[in-house]
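Welcome! Here are some exercises to work through with the sequence and the model side by side. Try each task before you read its solution.

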Amino acid sequence: MFSWFLSRLKIRYATQKDYRHIERLLDNNWAVQARLFRDDIREKLTELITVIAEDRTAMRGLLMVEPIPPFLGLITVVAFHDNTNLTTTLDAMIPAVEDKLKENQIHCLTQVGGDMWFAQELPKHGFTVRERIVIFEWHGLSLPYLRPHPCLHIRSAHIDDLPQLQVLDQLTFSPMWYKPKTTLREALGKAAFFSVGVVEDKIVAYQWSDVYSEQGHITRLATHPDYRGQGIGAIMLHDAMRSLLDLNIKIVGLNTQESNTDSQRLYQKFGFQQVGEPIGVYEKAIINATFSEL
Ligand SMILES: CC(C)(COP(=O)(O)OP(=O)(O)OC[C@H]1O[C@@H](n2cnc3c(N)ncnc32)[C@H](O)[C@@H]1OP(=O)(O)O)[C@@H](O)C(=O)NCCC(=O)NCCS
């Protein structure tokens, strides 16, 4: 079992028995950032890469990373005890995460956004800003009128669409943003709305939208590269927005890359406006490779 001491700090992978101490760390300290609910943290403790730093008196640090093969490990939970030096503790924990990512043939450790205290730490540990994400919101204005597409048919997505959806996803997004098959499968069951645009029996577009606390979220919108510029993206977005409005949703949010001006033009046509500051996407290359080299 992986374990070593740095001065008096011990680094190891978590077991299910650690949950009680982890909960205490999360509850009682200020340097805590979690993308998972508590139930998910408990459930995924050993499924994700969970590294713990501890000394004789207490748990000092926690890092949970979700491996998303083949390209990235996404930091999902990070927490430190108040009386802990973040820089030295992170320095000790990151190699343990890297070892597991290497075992999984994953080349990159990634952090999306995050609190300032953590963002400030990342450059000290070899992370650079890869790109920036912008947030858009729609606040209950009317939807634009769209001309129908002559041969597009929209229907709910189902599990048999999974292979085509995965191909379309990989044709549409850069590797960093691919959704693994498991995530797409889960979304088919859990998303508020998941629909596909079909032309002559071929899935050429899809949208996946969710509802969180009475707010809609366009999680994914994609048109096959050969079918872009025909109004299909707009029709898929309209369909998603219509479904959300039918639930009496008044606010809809989404994220897109700062460099993705095509999607931003489409969203602005619908009345979406950029809100807040762009969010940094930080990456640290592992095994001497970065996404751009893959
Ligand atoms: C963003 C995306 C979904 C847009 O899909 P699309 O099907 O090309 O979207 P549309 O055709 O509705 O709109 C694109 C452009 O085509 C124009 N258009 C609409 N109907 C058209 C037609 N019949 N002929 C030519 N152009 C047309 C639109 O006016 C729009 O032009 P504009 O950008 O200058 O305003 C697509 O580019 C994509 O999949 N991108 C990669 C994934 C992504 O970025 N998703 C969004 C972030 S999650």
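A residue is buried if 20 or more other C-beta atoms lie within 10 Å of its own, exposed if 12 or fewer, and partly exposed in between, with C-beta atoms placed from the backbone. Residues are numbered from 1 along each chain as its sequence is written. The model is predicted: local features need pLDDT of at least 70, side-chain atom pairs count only at pLDDT 80 or more, and totals for chains, interfaces and linings use all residues.

**Exercise 1. Loop residues**

Task: Decide whether aspartate 201 is buried or exposed.

Solution: 
- Step 1: find the place. Aspartate 201 sits in the loop between strand E10 (193–199) and strand E11 (202–212). Helices (H or I, at least four residues) and strands (E, at least two) are DSSP runs, numbered from the N terminus.
- Step 2: count neighbours. Aspartate 201 counts as exposed because it has 6 C-beta neighbours inside 10 Å.
- Step 3: look at the backbone. Aspartate 201 is a residue other than glycine, yet its phi is positive, near 70 degrees.

Solution: 
- Step 1: glutamine 105 belongs to the loop between helix H3 (86–103) and strand E7 (108–112).
- Step 2: glutamine 105 has 12 other C-beta atoms within 10 Å, so it is exposed.

Task: Find how far aspartate 160 lies from threonine 76, in sequence and in space.

Solution: 
- Step 1: aspartate 160 is in the loop between strand E9 (152–156) and helix H5 (162–172).
- Step 2: aspartate 160 is exposed, because 9 other C-beta atoms lie within 10 Å.
- Step 3: aspartate 160 and threonine 76 are 84 residues apart in sequence, and their C-alpha atoms are 30 Å apart in space.

**Exercise 2. Strands side by side**

Task: Work out which strands pair with E5, given that two strands pair if DSSP finds at least two bridges between them.

Solution: 
- Step 1: E4 and E5 run antiparallel and are joined by six bridges. In this pairing, alanine 53 stands opposite glycine 61 in E5. A hairpin through four residues connects E4 to E5.
- Step 2: E5 and E6 also run antiparallel, with eight bridges between them. Here glycine 61 faces phenylalanine 80 in E6. Three residues lie between E5 and E6 in their hairpin.
- Step 3: check the cover. Nine of the 10 residues of E5 are buried.

Task: Name the residues that stand opposite isoleucine 133.

Solution: 
- Step 1: strand E8 (residues 128–139) is antiparallel to strand E14 (residues 273–285), with eight bridges. Isoleucine 133 stands opposite isoleucine 279 in E14.
- Step 2: E8 also pairs in the antiparallel sense with strand E13 (residues 251–257), over seven bridges. On that side, isoleucine 133 stands opposite glutamine 257 in E13.

**Exercise 3. Nonpolar cores**

Solution: 
- Step 1: the largest core has 33 residues, and Val51, Leu62, Leu63, Val65, Met93 and Val97 have the most contacts inside it.
- Step 2: elements that each supply at least two residues include helix H1 (19–28), strand E4 (49–54), strand E5 (59–68) and strand E6 (72–80).
- Step 3: pick one member. Leaving aside neighbours within four places in sequence, leucine 63 is in contact (C-beta atoms, placed from the backbone, within 7 Å) with Val51, Ile75, Val78, Met93 and Val97.
- Step 4: a second, separate core has 28 residues, including Leu168, Trp208, Met236 and Leu237.

**Exercise 4. Domains**

Task: Describe how domain 1 and domain 2 are placed.

Solution: 
- Step 1: the chain is assigned domain 1 (3–126) and domain 2 (135–278), with bounds from an automatic or database domain assignment.
- Step 2: taken over C-alpha atoms, the two domain centres are 33 Å apart.
- Step 3: four residues from domain 1 and four residues from domain 2 make up the contact.

Note on methods: Contact = placed C-beta atoms within 7 Å. Pairing = 2+ DSSP bridges. Core = buried A, V, L, I, M, F, W, Y, C linked by C-beta atoms within 7 Å.
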